[in-house]
Amino acid sequence: TTFCLLVMFWATIFYKAKNRPIPFLKKVRFFIKSINVIVYIIQFTFWGLLSFAANGDSHILFLAFHIHVVLLCLLSVAGFVLFGGKLFTLLRQFPIQSTGQRER
């Protein structure tokens, strides 16, 4: 959730700096929130299945749960790289406006 909110914040800043229309930002926010809800539904499903599974079936569910966590980490990294990189390059294009930084 924290990573999702951070990526959503970066996406909002990026698209506002690019002067994208408000409906476009609402679509981006809805998409990110939908992904977050889907991830939590899958997470709770795995927890429920693992708590009620027999010993023989729990190994397969445990492996599937770990694959799910790895995919979540990869998606988080992709969001960080995508929107963090876009925001970083966008902010580097703006001129420096403080007097102390102009003297350097």
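In which helix is threonine 12 found? Threonine 12 lies in helix α1 (residues 2-17), helices being DSSP runs of H or I with at least four residues, numbered from the N terminus. The model is predicted: local features need pLDDT of at least 70, side-chain atom pairs count only at pLDDT 80 or more, and totals for chains, interfaces and linings use all residues. Residues are numbered from 1 along each chain as its sequence is written, and side-chain values use heavy atoms, leaving out hydrogens and water.

**View A. Surroundings of threonine 12.** Threonine 12 has a relative accessible area of 14% and is therefore buried (under 20%; exposed is over 50%, partly exposed in between; 1.4 Å probe, protein chains only). Leaving aside neighbours within four places in sequence, threonine 12 is in contact with Leu25 and Arg29 (heavy atoms within 4.5 Å).

**View B. Phenylalanine 44 and tryptophan 47.** The structure holds three aromatic pairs (ring centres of Phe, Tyr and Trp, the last by its six-membered ring, within 6.5 Å; planes under 30 degrees apart are stacked, over 60 edge-to-face, the rest tilted). The rings of phenylalanine 44 and tryptophan 47 are edge-to-face because their planes stand at 70 degrees, with centres 5.2 Å apart. Both residues belong to helix α2 (residues 22-52); they are three residues apart, so about one helical turn separates them. Tryptophan 47 is partly exposed, at 43% relative accessible area.

**View C. Phenylalanine 46 and phenylalanine 65.** This aromatic pair is edge-to-face, at 6.0 Å centre to centre and 75 degrees between the planes. The pair links distant parts of the chain, with phenylalanine 46 in helix α2 and phenylalanine 65 in helix α3, 19 residues apart. Phenylalanine 46 and phenylalanine 65 are both buried.

Key:
Helix = DSSP H or I, 4+ residues; strand = E, 2+ residues; numbered from the N terminus.
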